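Take a look at the structure first, then work through the points below.

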Amino acid sequence: MAHKNGHSDGSATPELLTGLRTALRAKDFTEFLVIASVLGDAGRDYDAQPAPEGWASFVDSMIEVNYAETTALLHVIAATTPDDIERRHIRRALATRRQPTPTTVTGLAEAQVDAAYFMGDELGDGDNVILGITWPTGERATAVAYIDHNMGTIVKDGFFIGEPVEAIVDRFIQIAREAGDRSVTPVPTDLADSRARIEQGLANLDDFLPDWEQDGWPLCRSLLEFFVRTLPAGGTGYAGHAAYDVDVTELVETFLNSLEARSLSSTRPTRDAAAALLEFAVDHSGDALRWSPVSVEVCLVNELPLDPELTEQALDAVPDVLPALVRYAHRELRISPGGTTETLQSVTRWLPRFQLIRGLGANSAVRDYKAHLAAARTGPYGPANRAQLVETLGSEAAVDALDDVPLPDEPLDLDGITGEARDRVLAIAVHLDRLIDEGPFDALGVEFRTACRRFLTGVARHDPDVVTRRSKDANTAAAIAWLLARANDLIGEPPSRLRAGELWSFFAVSSPPSTRAETLARTYTNGRTRSTTDALGDPALLVGRYRRRLLELREECWPVET
């Protein structure tokens with residue numbers, strides 16, 4: 001931004017102008033469009049933050065600097081901004097500019113998506129949605145969005161290339177031929193359906209993995225969203241699934257009676273292993289018969305060896321049951337021989353890891369813990385409560401030193417936090433302050449604000465990149481507030497607690513920011529926590545009222561010697 005008296009904070013730095021100039025001269029004209037759209041998006045986000053009186057917006061600072069590079073940048077911002085007032089303001093300024101500008105830049109607002117292709121994968125891992133774009137002056141480009149179903153039907157990757165869509169489709173067809181009979185070639189598809197699929201994938205990305213980055217993604221997201229908004233609405237997206245309670249009993253019997261299962265026994269462990277594998281596939285993709293190399297890896301490495309509900313005997317049966325199940329499922333789905341071979345190779349590859357993880361004893365430890373907890377519920381309670389206190393507070397020393405003194409009303413401590421991380425911490429803190437000052441929550445006060453501030457600055461000191469990643473400041477604030485409210489047992493019925501849905505609504509967040517909260521928690525605890533249900537292990541984040549309850553628990557079941 002720039003000051004109205006002409007001083008600037010460096011928005012139009014030589015580095016920025018050089019970068020824009022290089023992109024303008026790039027062989028692929030979409031390179032400049034991507035960079036300019038990112039700058040426009042970042043400028044709008046920056047302008048939305050509180051600023052000193054008298055400082056101009058990012059757009060005004062670009063208008064003040066009359067160069068060919070800023071002229072081209074303003075053309076892109078005018079085309080992609082959702083703000084009609086800002087668009088008219090920029091166009092009035094552009095009417096006075098005389099620098100020659102490429103028609104791919106000046107004509108961006110009139111460019112149209114006039115073709116779409118869909119390239120699926122027979123094993124269901126992911127799809128490419130390919131958009132063909134034409135400018136009024138005849139230039140053509142292609143946008144590709146890859147939607148990954150193993151990660152939650154998210155737009156995992158995307159890119160633009162300044163070539164006609166037919167050339168890109170031909171390239172995909174060639175790649176498919178080289179890959180053999182497993183691949184599926186692109187086919188023309190409906191423009192409205194393409195919009196629905198990409199928008200669904202982007203929404204899922206924000207909900208499930210807002211911090212995801214890969215190569216140039218999400219660098220081109222702003223430009224992709226611009227073109228997607230020009231497509232007709234009303235299309236059909238991907239069918240969701242809420243199949244976690246599907247009964248696979250009948251399918252287990254069908255599978256065990258198939259030719260592929262003829263060498264398997266009909267013992268209880270075999271049936272339990274088959275049921276567990278089918279239930280995993282249902283939870284993972286919505287289809288009990290969808291097995292791919294990726295889903296095999298997830299199953300064998302991340303799920304089954306850590307499932308405390310499975311007996312050791314059922315786990316022993318998995319190496320025999322899974323290959324037979326893959327062959328049966330692929331025959332039913334008419335998967336190509338190449339796809340089946342690749343999936344079975346994944347089974348062979350990951351079974352040693354499966355056995356290694358089993359050998360670590362995680363399952364037996366969890367089963368022992370559950371047995372211990374069940375015994376504790378029927379008395380005596382001391383051992384279970386001691387374990388709970390140590391986990392909540394981080395150490396036995398912290399339990400000994402526990403008190404219920406209210407947290408002080410601390411200012412935001414920015415010591416050791418610099419650069420962009422400092423700016424983002426300040427912006428996130430504004431939303432947290434607003435929660436306490438304006439939020440209708442009796443359960444929250446200055447103690448809670450102090451806890452949130454300590455947590456936020458702690459994350460920034462551990463890893464500044466976590467707070468500077470692409471994520472809305474309000475979403476990060478919502479994740480912090482939700483995480484700390486859960487840590488202090490403040491989620492529940494008002495007025496002594498608050499409803500989680502009302503907390504998200506206050507920040508205008510449509511769904512639980514659990515993925516963002518997990519990332520923040522892992523960073524604060526140096527990787528010790530695995531999910532938002534794990535304790536943060538730091539008494540400095542607990543309000544006095546909650547620590548008083550922990551004191552009562554300690555004195556009742558684990559008296560401190562004096």
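Let's start with the lining of the second largest pocket: α8 (191-208), α11, α12 (293-303) and α23 (514-524) each supply at least two residues of it. Keep in mind that you're looking at a predicted model.

**α11 against α13**

- Helix α11 covers residues 268-285 and helix α13 covers residues 312-333; their axes come within 8 Å and cross at roughly 60 degrees.
- The crossing of α11 with α13 is right-handed.
- On the α11 side, the residues that meet α13 are Pro269, Thr270, Asp272, Ala273, Ala274, Leu277 and Leu278.
- Their partners in α13 are Gln313, Ala314, Ala317, Val318, Val321, Leu322 and Leu325.
- How do the residues of this contact between α11 and α13 divide? There are 11 nonpolar, two polar and one charged.

**α18 against α19**

- The axes of helix α18 (residues 419-438) and helix α19 (residues 446-462) come within 10 Å, and they cross at roughly 165 degrees.
- Why are α18 and α19 described as roughly antiparallel? An angle over 145 degrees counts as roughly antiparallel, so that's the label for this pair.
- α18 passes α19 in a crossing that is right-handed.
- From α18, the contact uses Val425, Ile428, Ala429, Leu432, Asp433, Leu435, Ile436 and Asp437.
- From α19, the contact uses Val446, Phe448, Arg449, Cys452, Arg453, Leu456, Thr457 and Ala460.
- Count up the types in the contact of α18 with α19 and you get 11 nonpolar, one polar and four charged.

**α1 against α4**

- Helix α1 (residues 14-24) and helix α4 (residues 68-80) have axes that come within 9 Å and cross at roughly 70 degrees.
- Angles from 65 to 115 degrees count as roughly perpendicular, so α1 and α4 are roughly perpendicular to each other.
- Leu17, Leu20, Arg21 and Leu24 are the α1 residues here, and they meet Ala68, Glu69, Thr70, Ala72 and Leu73 in α4.
- The residues of the contact of α1 with α4 split into six nonpolar, one polar and two charged.

**The cavity**

- Where is empty space left? Rolling a probe the size of a water molecule over the atoms shows that.
- How many cavities of 30 Å³ or more does the count come to? It comes to one.
- The largest cavity holds about 30 Å³ of space.
- Around the largest cavity you'll find Gly40, Gly43, Arg44, Asp47, Phe58, Val59, Ile77 and Glu86 as the lining.
- α2 (30-47) and α3 (58-64) each supply at least two residues of that lining, and the largest share, four residues, comes from α2.
- By type, the lining of the largest cavity has three nonpolar, two polar and three charged residues.

Definitions and conventions: Residues numbered from 1 in each chain as written. Predicted model: local features only at pLDDT ≥ 70, side-chain atom pairs only at ≥ 80, totals over all residues. Heavy atoms only, no water. Axes fitted to C-alpha atoms, helices over the stretch in contact; angles between N-to-C directions. Left-handed = near helix turned anticlockwise from the far one by under 90°. Contact = heavy atoms within 4.5 Å. Nonpolar A, V, L, I, M, F, W, Y, C, P; charged D, E, K, R; others polar. Parallel < 35°, antiparallel > 145°, perpendicular 65-115°, else oblique. 1 Å grid on protein atoms, 1.4 Å probe; cavity = no way out; pocket = protein on both sides within 12 Å on 5 of 7 lines; lining within 4 Å. Points joined across faces, edges and corners; volume = space filled by probe spheres on them.
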